[in-house]
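Hello,

The structure we discussed is below, with the sequence. My notes on it follow.

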Amino acid sequence: MIAVESLHKSYGEMVALEEVTFNVPKGEIFGFVGPNGAGKTTTIRILATLNAADSGEATIGGIPVHEAPAEVRNLIGYMPDFFGVYDRLTSAEYLEFYAACHGVPRRKRAAVARELLELVDLSDRRDTQVDTLSRGMKQRLGLARALVHDPLVLLLDEPASGLDPRARVEMKELIRELRRMGKTILISSHILPELEELCTWVGFIDGGRMAAAGPMAEVRDAVVSGRRLRISLADHSEGELTRAEELLRDHQGVLNVVRMHDHLEVAVSEAVIDDDLLALLVGRKVRVRSFAVIPGDLSEVFLRLTKDEMS
Amino acid sequence: MTPWRRFAEGLDNPIVVKEGVSRMRTWRAPVVATLYVALIGAVGFAWLTLGESGSQFSGGRPVAAVVGSQAFAAMAFFQLGLVCLFAPALAAGAISGERERQTLDVLLVSRVSAFGIVWGKLLASMAYILLLILASLPLFSAVFLFGGIDFSQFVFSQVVTISTALCLGAMAVFFSALFQRSLASTVTSYAAAFVLTVGTAILSLIVSTSQTFSRANAGGVANFQAAAEWYFNPFYALYNALFGTQATSTTLRGFLQLLFLGTPSTNNSSAATVDPWFICVIFEAILAIASVIGAVYLVRGRRVSRPRKLEPVDALEAG
């Protein structure tokens, strides 16, 4: 349904995308993963007909984005990473306005708005002014807005950013429901555990290049051969975490160290012996509270791939 | 799509409806309309009172027609001044405001064309100005009771006011498409309004004075002749619409001669004459159309458009 082939895009001297290639089959949820500035938003904007690629081709439903943008706009629903709402419009009026912008006949607009508000569980906010809604409600309304013309493909750029845990769960359920309705969904996010639960396909991008793309299980099996460790310290002050991080980074076989709120996540090669790492920390008077192996997940794939790209 | 269908769709623009609904829900909309009408009414009332007392002071009876026409002119000039202040303010945030609110991208991914966005924004801003002008019409019609103003003067003065609003609004929409921030587009829109109203007047005076001195130095007649730039000034156009005489009219050839050569035309009574207010309206219409085209071009540049069909390579090689 979505096919991207050798996409290239530069902004002056800066190369934003380089040979980006991936496919998303019909009815799948594609998780588009990458650090900030990796090229996710640029790719999505090209698919949404907002930017033109310098070279390469992107098609949606077999229609080239660059050659028939108006036709592509009928096929896609786009939700940007940041979007505003209009003041002094109710939720129903907001959806009816965008339905009109997408050419939905006048007699159907009210019904479309009612059904979509029901879908995103905002029926009771029908007459509430959109600028007074909470962030989570605005995100759900934004998703409803992307659906006003019943598109086949949804392009969702960081739809869960800034949401509280409850709103994230609701958003996730909503996206699953949309898949059941037959939509093909491309979703970019930083929240990897959630993407792992949600997505059937995944693509990793870093520095404007695709590191891997394909069905979730295939990509994970192909990439993950090492392990990840979770190390908690008794003293998780800034200075102690930095000291432990530096010690671990200098150790042979350590692929990457990510500092979390109160612990470290360490990606290591298969050759590394866990006892050696623990002994290293204890020997340097780092008080270790817990030391555990994390089961393989999307975060690990991400760490491996981005590490590979950097090296 | 037939031109009629395109025109009908142009009027059924969702942006106009949305802007209208959200604008009229603020407390500002009725307050501004009330103030607008109250201020014009106050100017008219003051002029009528002054005209009457002035006549009494000089010992004569007030001549209703003279007082009426002067009150009408005062209100019309005041209204034009208000329109010059309001039009840029209403339209300067049209596109840049969408950018600042982060709603433009979502609009660009819809089926609304770049022209639809620009036209919708302009129409929405102008609809409010038209509402203000309509709201003040009863005041103008009240002055008819005094006489001194005929219907054509009334219509021409309103045409000048509306065309000035449209021109300043279109330029403001263009600047809002050009600049990222509404502050920059507002400042530039007011600068453009200043150039059109005050700038053309100053330029005209400078050019006219310099030409008068030149003619005097060359031994010619040193009578003062308005420069062509004066014809682009909406206040002069309004003055002409209200108090124009055959003497102020010019032929098209005479106007072009004045514009490009700076020399007044010789009187050619056989040629059709054009009133200065009409020249101003045409000039403002050209500026408005150019501004809309420019704004459409800028908005279109923010999304991918269908590429122009290229000629096949064979055809190019054959050519």
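A residue is called buried here when its relative accessible area is under 20%. The model is predicted. Asn233(B) has a relative accessible area of 2%, so Asn233(B) is buried.

Asn233(B) sits in the loop between helix 9 (182-217) and helix 10 (234-243) of chain B. Its side chain makes a polar contact with the side chain of Thr200(B), at 3.0 Å. A polar atom of that Asn233(B) side chain also lies 3.2 Å from the backbone nitrogen of Tyr236(B). Leaving aside residues up to four places away in sequence, Asn233(B) touches Leu196(B), Thr197(B), Thr200(B), Ala201(B) and Cys280(B).

On the nonpolar side, the largest core has 147 residues, and Phe22(A) and Leu155(A) have the most contacts inside it. Helix 4 (residues 64-91) of chain B gives the largest share of this core, 13 residues. Beyond four places in sequence, the residues that Phe22(A) touches include Phe30(A), Phe32(A), Leu186(A) and Met210(A). There is also a second, separate core of 16 residues, with Leu233(A), Leu248(A), Val268(A) and Val272(A) among them.

Helix 6 of chain A (residues 165-180) spans 23 Å from its first C-alpha to its last, close to the expected 22 Å. Its buried residues are Ala167(A), Met171(A), Lys172(A), Leu174(A), Ile175(A) and Leu178(A). Seen down the helix axis, these fall within an arc of 160°, so they line one face of helix 6. Pro165(A), Arg166(A) and Arg180(A), on the other side, are exposed. Just after this helix, Gly182(A) has a positive phi of about 95°.

Regards

Methods. Residues are numbered from 1 along each chain as its sequence is written. Chains are lettered from A and ligands numbered from 1 in the order in which they are written. This is a predicted model: local features need pLDDT of at least 70, side-chain atom pairs count only at pLDDT 80 or more; totals for chains, interfaces and linings use all residues. Side-chain values use heavy atoms; hydrogens and water are left out. Helices (H or I, at least four residues) and strands (E, at least two) are DSSP runs, numbered from the N terminus. Buried means under 20% relative accessible area, exposed over 50%, partly exposed in between (1.4 Å probe, protein chains only). A polar contact is a pair of N or O atoms within 3.5 Å; within protein, one must be able to donate a hydrogen and the other to accept it, and residues adjacent in sequence count only if both atoms are side-chain atoms. Contact means heavy atoms within 4.5 Å. A nonpolar core is a set of buried Ala, Val, Leu, Ile, Met, Phe, Trp, Tyr and Cys residues joined through side-chain atoms within 4.5 Å. The expected span of a helix is 1.5 Å times one less than its number of residues. The arc is that of the directions from the helix axis to the C-beta atoms.
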